[in-house]
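Have the sequence and the 3D view ready.

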Amino acid sequence: MFTLDTHMHTCLSPCADLDMHPTAIVATAIQAGLDGIVVCDHNSAENLAAVQRAGQRVGLSVLAGMEIASAEEVHVVALLPDLEAALKLQRRVYAELPGKNDEEAFGMQVVAGEDGEVLGFNQRLLIGATTMSVEEVVAAIHDAGGVAVAAHVDREGFGIIGQLGMIPPGLALDALEVSRLTPLSVARLKYVPSGELPLLCGSDAHEPKFVGTAVTFMLLQEPTFAEVNAALAEKSGRTVLGGGRPMEDLSMHILDIAQNSIEAGASSVEISLVEDIARDLLEIEVRDDGKGMDPETIAKVADPFFTTRTTRKVGMGLAFLAQAAQAAGGELSIKSEPGQGTRVKASFGLSHIDRAPIGDVETTLMVLLAGHDNVDLTFRHSIGGREFSLCTADLKEAAGGGPLSTPAGLALLRQAIRLGESSLREPDPARQTRRPGNQTAASLEVNNEYRDR
Amino acid sequence: MRVADIAPMLNGTIVGGIEAADKEANGGYVSDLLSDVMGNANAGDVWVTIQKHVNTIAVAHLRDIAAIVLANGRQPEDETVRRAAEEQVPVILTQLPVFDVAGILYGVGLRGGRKP
């Protein structure tokens, strides 16, 4: 399993921070626990080689990319096989990119070296739109051997749905990208209700602090373009497991705690998520039968400077979960004894204004299962009086006893989670009024758009 | 006001849904963001834009737009004209900029922001 941030800029993009130079980008990405990043400057790939060299030094996979603006001002991210393909696409784009940059108005376009040194300034109007239609952009990306991803579909400006009202029928996109504005669970219902295309989560970072704030989890052999390409096409057992916002989504915290449980040798992990509308309470509980902790360690785990791990894939640890709970009028409690397993429980005011979004529990379960077939996972989610529960041991039995971390097994799990989660969302005739701003109306509206496809 | 009467005011030519030029226009809307048009334009509006992608036709059809004015001398893509003919959406091509088109249409009595 690999964690990638599939969209970020460098100091070459006029709108990006000058601090987004190659060394800073790779250092931040490593710190955020990323295995790979995709460098996507506006209409250019001139800083790609430098970031790739900087990445090589620290063992970070830096994939080639570019964010191309079509004539309709739709942003399309290209994921490309290598530097050569990126330069080929860049020649095509430059030929269709009119205008000259005005540094006063748009900012500097710094061509940087791998150590962050300034090598020069790009003079083209990189922030501008090409004269290619979105169809031509997608075709040019495919010509260069790349895959075409509609960038930040959840953003009105420069997102394909905002600019064009809907995804043009027949447009040969390979994936849609969701920005850090929208939880993946919401985006899935809105944009790909029938699983039309895979969804990627990319931070679209223009400043170092946003690198890794939206990530995609993929089941790959290694974080290379060929493997990512296979995952988008669901080939050779490669797949996109999901994504999320590690700093924000509670589902990412759950994933983090459950991964701790597995590292503590648990053979069974029980996750429960209770949205108690009557008591206005959100409760998350993760219980395992791992090796447990002594009182000293328990006291330390809520300390942000403590970790028994050397790398952190997701989440910010229990200290940040405690902070998130307290900010929403709740609390974190940990019960554990050596040899007796661990129970972590976090409570939140359900309607509290500062309560973090739940995020995407599908991702949590998919990522947990993909890497750990020997662990029995139980997941329980209830909203109001409705409840859905899932047990991987039962699913394994239904799948004929084989492992679940196979493409077929993961598809089965995905289907079970989607069915279960949608049963929690179905409108209840007995209670018409739900929380304001619920997703149902929005998803219906977008479903209408899809009818026209 | 008929769409067919609007075209000469803009020194424009109608392409696409030519047979639908008898349609009545009773308001106007200006935007290049198609999601905005979907959300806010009214049925019977003349929609002034520089957006020439084929999706404009789908949006016009969806909102029951009387006609699209493609301003600033923009030339529609072939697919856009083909779909406009198929969906019977008149597209008026004009050299005038969007601002002038809106001014002229306002001057002859069309208004925006009507409540449906």
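In chain B, strand β2 (residues 27-30) and strand β3 run parallel, joined by 4 bridges. Strands here are DSSP runs of E with at least two residues, helices are runs of H or I with at least four, and both are numbered from the N terminus; two strands pair if DSSP finds at least two bridges between them. B:G28 stands opposite B:V46 in β3(B).

A quick word on what you're looking at: this is a predicted model, where local features need pLDDT of at least 70, side-chain atom pairs count only at pLDDT 80 or more, and totals for chains, interfaces and linings use all residues. Residues are numbered from 1 along each chain as its sequence is written, while chains are lettered from A and ligands numbered from 1 in the order in which they are written.

Back to β3(B), which also pairs with strand β4 (residues 67-70) of chain B, again through 4 bridges and in parallel. There, B:V46 has B:A67 as its bridge partner. To get from β3(B) to β4(B), the chain passes through helix α3 (residues 55-63) in a right-handed β-α-β crossover; that means, with the strands pointing away from the viewer, the path from the first strand over the helix to the second runs clockwise.

How enclosed is β3(B), and why? In strand β3 (residues 45-49) of chain B, 5 of the 5 residues are buried, so the rest of the structure largely encloses it. Buried means 20 or more other C-beta atoms, placed from the backbone, within 10 Å of a residue's own. B:D45, B:W47 and B:T49 point one way, B:V46 and B:V48 the other.

How values were computed: A residue is buried if 20 or more other C-beta atoms lie within 10 Å of its own, exposed if 12 or fewer, and partly exposed in between; C-beta atoms are placed from the backbone.
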